[in-house]
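Dear colleague,

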Amino acid sequence: MNELPVVVVGAGPAGLSAAAHLVERGERVLVLEAGDRAGAAVSQWNYVRLFSRWSELVDPAAERLLRPTGWVRPDGDAYPSGGEWAERYLRPLAEVLGDRVRLGARVVGVARRGRDRIVDAGREDEPLTVHVRTADGEERIAARAVIDASGTWGTPNPLGGDGLPAVGERVAAEKITYRVPDVAAERARYAGRRIAVAGSGHSALTALVVLTELAEQEPGTKIVWLLRRGAVGTAFGGGEADQLPARGALGLRARKAVEAGRVEMATGFRTAVVERVADGSLTLESFDGHRVDGVDEVVVLTGFRPDLSWLSEVRLDLDPVLQAPSRLAPLIDPNVHSCGTVYPHGENELRHPEPGVYLVGMKSYGRAPTFLSLTGYEQARSVVAAIAGDHEAAGRVELVLPETGVCGGAGVFDAPEEQKNDGGGCCGSPEHGELTIGLAPSAR
């Protein structure tokens with residue numbers, strides 16, 4: 001078994017971080033990436049600027065691998081775009097890893113060799129098998145362990161407020177996008193139009209900011225913000241109290257646009273129906289019968305969910321609500337944590353009943369809405385240490401995370417204002433302090 005490689009699924013930030021730690025520990029590693037380049041998913045939002053600095057976006061083990069090649073980390077205080085992050089860090093790292101990274105290799109299944117998930121006998125003596133589809137056909141790769149860092153970018157949540165596509169959502173697909181608009185490249189699509197933005201996270205705030213800037217330049221551009229929660233509440237974030245200044249500034253800019261009346265708001269709006277109108281526009285109707293008329297384009301930024309279909313034959317211990325590892329779920333559940341606060345975690349929280357199988361990076365958070373690359377790097381470090389047998393290192397916490405500056409109680413996710421529990425904090429503990437993680441890149 002020890003002669004077999006550790007297979008890492010996904011050549012994004014968390015996957016390449018895991019690969020760097022494996023190489024540093026002298027372990028065999030094979031990274032399988034479905035796209036045609038490292039950082040393929042990041043490249044799809046290349047026009048968006050992150051709210052994390054370069055100093056928070058480079059894994060230490062990766063930097064140690066890159067440094068002998070002459071690579072120099074960009075200015076630590078600068079904020080890269082997604083494209084810059086991919087070009088200046090992820091792809092150089094993949095080049096250093098060389099033939100350990102295979103592109104165009106889509107993982108379609110993982111199992112125990114010769115055992116489906118119900119078979120106990122002899123299970124621990126068999127390696128994992130990773131089923132891969134490439135342009136040349138299918139193959140099976142035997143693996144000592146599998147680290148799934150495939151992310152969630154390819155499976156965005158729908159517009160429908162019950163977790164399923166709204167009636168008519170698929171039919172209206174050409175008028176709906178599930179990513180922050182690239183206004184520079186798609187100006188004609190949005191200029192002078194009435195645009196509905198659904199969502200309340202940092203991606204939604206980013207879309208509000210870029211679209212209100214477009215509205216200042218293009219008369220007739222209107223924005224309506226659809227929030228499932230009953231009031232804005234803490235959606236704008238911690239502002240100047242946020243320890244990631246660009247993240248705080250994003251919320252302040254969005255708040256300013258709303259308070260100036262440049263954004264129409266519809267709170268408590270859970271979309272049930274998307275209806276085409278004769279003039280070509282859309283009408284959105286909520287489950288309680290409220291309607292938003294005259295919508296030309298819809299930007300859906302309601303979060304992501306993990307694709308677990310190809311993991312159906314391995315034994316995972318997942319929370320029934322979040323679809324995150326059961327030990328991790330209580331720490332990140334937005335129904336409990338108003339500010340997404342959680343102490344840094346690693347292999348202990350990510351372990352599953354199937355030995356050697358781990359979910360790291362954004363996929364480890366299931367449907368929870370908050371994440372930072374720093375968190376993924378710490379997960380990778382700890383998981384790799386455990387795979388290598390260094391359990392002391394796996395159990396250490398080697399990360400301090402920036403606070404959001406927001407912590408107003410528990411149970412506020414998608415809840416009406418009157419349902420909030422403002423009687424106490426939910427964030428952190430005497431042991432671990434108030435540490436937080438946040439999702440989504442911000443606008444320039």
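The expected span of a helix is 1.5 Å times one less than its number of residues, and the helices themselves (H or I, at least four residues), like the strands (E, at least two), are DSSP runs that are numbered from the N terminus. Helix H6 (residues 202–217) has 16 residues, and its first and last C-alpha atoms lie 23 Å apart, close to the 22 Å expected at 1.5 Å a residue.

Please keep in mind that this is a predicted model, in which local features need pLDDT of at least 70 and side-chain atom pairs count only at pLDDT 80 or more, whereas totals for chains, interfaces and linings use all residues. Residues are numbered from 1 along each chain as its sequence is written, and side-chain values use heavy atoms, with hydrogens and water left out.

To begin with the whole chain, its secondary structure comes to 11 helices and 16 strands. Of its 444 residues, 56% are buried, where buried means under 20% relative accessible area, exposed means over 50%, and partly exposed is in between (1.4 Å probe, protein chains only). In H6, the buried residues include Leu205, Leu208, Leu211 and Leu214.

Strand S1 (residues 6–9) is joined to S7 by four bridges, and Val6 has Ala145 as its bridge partner in S7. Three bridges join S7 to strand S16 (residues 357–359), where Tyr358 stands opposite Ile147. Within S7 (residues 145–148), Ala145 and Ile147 point one way while Val146 and Asp148 point the other way, and all are buried.

H10 is mostly covered, with 15 of its 15 residues buried, and just after H10 comes Gly389, which takes a positive phi of about 90 degrees.

Which residues bring helix H1 and H10 into contact? Helix H1 (residues 13–24) packs on H10 at an angle of about 35 degrees, with the axes 9 Å apart. The contact (heavy atoms within 4.5 Å) is made by Pro13, Ala14, Ser17, Ala18, His21 and Leu22 of H1 together with Tyr377, Ala380, Arg381 and Val384 of H10.

There is also an open sheet of three strands in the order S4-S5-S6, and its pairing is antiparallel. Its edge strands, S4 (106–112) and S6 (137–143), each pair on one side only, and the twist averages 25 degrees from one strand to the next. Six bridges join S4 to strand S5 (residues 128–134), and Arg106 stands opposite Arg133 in S5.

With kind regards

Key
Axes are lines fitted to C-alpha atoms, for helices over the stretch in contact, and angles run from 0 to 180 degrees between N-to-C directions. Two strands pair if DSSP finds at least two bridges between them.
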